[in-house]
Amino acid sequence: MSKICVIGTGYVGLVTGTCFADLGNRVVCLDVDESRISRINDGVMPIYEPGLEQLVEQNVHSGRLTFSTNPQEALANAEFAFIAVGTPSGVDGEADLQYVRSAAESIADNVDHPIVVINKSTVPVGTGDWVTDVIKKRRGGTPLEFSVVSNPEFLREGSAINDFMNPDRVVLGSTNREAANQVAQLYLTLRCPILVTDLRTAEMIKYASNAFLATRVSFINEIANMCEELGADVREVSLGMGYDRRIGHAFLDAGLGWGGSCFPKDVKALAHMAVLHGTHPQLLQAVMEINRNQRRRVIFKLRKALGSLNDKVVGVLGLSFKPNTDDIREAPSLEVIHLLLNEGAIVKAYDPQAMENAKAMFSRITLCENPYEVADGADALVLATEWNEFKQLDFERICQLMRRPLILDGRNLWDANALRGMGFTYYGVGHSTQANGE
Ligand code: NAD
Ligand code: UGA
């Protein structure tokens, strides 16, 4: 049993701490946000992540998992301190390291025994060395025996526990092989490949992975736009490409583009790093531009069908950046809604989990109780997130409720021909409207 402190109880920290406790370690999760910790201690999760509440409860009950806002208490006796705080975009697109700095300083201030500091936050190449400097500087003349290991996290929101427990790989980067091996011990029971590299390489693996996945999505969206003009169907193009084992099926679903708390900020941060170091990130720039354009295309399609959007009622189904999460950070729905409001449209919306987060963000849209309330009186319905709950709607009822039966299926979730058969005008992404008889 190892003693672990996880700093930050967001999507990554809370899942990491809980899963390490479940693997038999003694874990204290530390956060500066008192209300967050007090809610967790009351059994209320600060985020929606399937299976998390139950796993937290089990491990708290077993006595292996506790939560604290007191760094001295949380770090006392910890052999490992995982930094899992946010690294949002700064003004120029760079990663803002203020929370990583405060976490490193809190380790420097509260630890007086040998410790391995592990960077799980996604941080620019070179940050591991920087964290070492921050801790040394903060200690002044007082020595501390510590090493920094980079251990980027690859979990996805919505399947975070499963991703943590069944990783494709664990990456560990350090200048101290012994420290990396100690961290490797924590992951041995997961029986996955463990890649040990130097610090900077590990940090780059994380950015390169996210940027590559975002590139695949932008690539298929560019192909989708061509398919619309050329009469091909991108869904079958993806399938046909994916059977090639060199390509694979994952991350080839065309839609409204990628959002979330990570791809947008990480692609931006990688491009920023490139410019800062004198290289030209032209592919990354194009990947971001294609993504922005994918949202604008919703407006073009609606204008084509409805003319001016001024005073038109547009219903949006799904607000989270993808299904099974309440996270709306950089969600495609947000930009679509902003563009609609700029056009003078009246917007109604519903999401199974993200309503609380949406309430805090929008005062000018009507948040509804269910998809039917969204459809009631609408001139168009836009599907922004492919929640399971939206797969089997009562479309006969929706058709009757809408002022105009127009659907823009931004995730290719529904059967175009069936909807057209019911009298809807249907637009998907990347399949030609002419080919379907319009
Ligand atoms: P988050 O914003 O959900 O949570 C961060 C938490 O850290 C907050 O609760 C905040 O109060 C806390 N915090 C900030 N400073 C602190 C300090 N000094 N001491 C203690 N707590 C502090 O963040 P997240 O989504 O979990 O992301 C964390 C990092 O992991 C980011 O770098 C992100 O890029 C990376 N990452 C995220 C995901 C994901 O799916 N969200 C996946 C892989 C990697
Ligand atoms: C992503 C990565 O998949 C994780 O490996 C990584 O750890 C994480 O970022 C991170 O660094 O935070 P996540 O943001 O949770 O995970 O979500 P994804 O499932 O990757 O989806 C990202 C976005 O791409 C979503 O908006 C999704 O709708 C979109 N997407 C994904 C598509 O439009 N098409 C696809 O084929 C796949």
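User: How many bridges join strand β9 to strand β10?
Analyst: Five bridges join β9 (residues 313–317) to β10 (residues 346–350), and the two strands run parallel. Strands here are DSSP E runs of at least two residues and helices are H or I runs of at least four, numbered from the N terminus. Two strands pair if DSSP finds at least two bridges between them.

User: What should I know about the model itself?
Analyst: This is a predicted model, in which local features need pLDDT of at least 70 and side-chain atom pairs count only at pLDDT 80 or more, while totals for chains, interfaces and linings use all residues. Residues are numbered from 1 along each chain as written, chains are lettered from A and ligands numbered from 1 in written order, and side-chain values use heavy atoms, without hydrogens or water.

User: Which residue forms a salt bridge with R297?
Analyst: R297 is bridged to E228, with the closest N and O atoms 2.7 Å apart. The rule asks for a side-chain nitrogen of Lys or Arg within 4 Å of a carboxyl oxygen of Asp or Glu. This pair links distant parts of the chain, 69 residues apart, with R297 in helix α12 and E228 in helix α9 (residues 199–230). The structure holds 22 salt bridges.

User: Now the eight-strand sheet: what is its order?
Analyst: That open sheet runs β3-β2-β1-β4-β5-β6-β7-β8, with mixed pairing. Its edge strands are β3 (65–68) and β8 (194–197). Neighbouring strands are turned by 25° against each other on average, direction ignored. Four bridges join β2 (residues 26–30) to β3 in parallel, and C29 stands opposite F67 in β3.

User: Which strands does helix α1 lie across?
Analyst: Helix α1 (residues 11–22) lies across β1 (3–7), β2, β3 and β4 (80–83), at about 165° to β2. Helix α8 (residues 177–187) lies across several strands of the sheet, among them β7 (170–174), to which it runs at about 160°.

User: Where are the domains?
Analyst: An automatic or database assignment sets the bounds, giving domain 1 (3–197) and domain 2 (263–437). Their C-alpha centres lie 35 Å apart, and 18 residues of domain 1 are in contact with 15 residues of domain 2.

User: What area is buried between them?
Analyst: About 1,300 Å² is buried, 53% of it from carbon and sulfur atoms. This is the accessible area (1.4 Å probe) that the two parts lose on being put together, summed over both. In domain 1, Y11, Y48 and E157 lose the most area to domain 2, together 42% of what that side buries.

User: How many salt bridges does the rule find across that interface?
Analyst: The rule finds one between domain 1 and domain 2. E157 forms a salt bridge with R329, the closest N and O atoms being 4.0 Å apart.

Technical notes:
Axes fitted to C-alpha atoms, helices over the stretch in contact; angles between N-to-C directions. Contact = heavy atoms within 4.5 Å.
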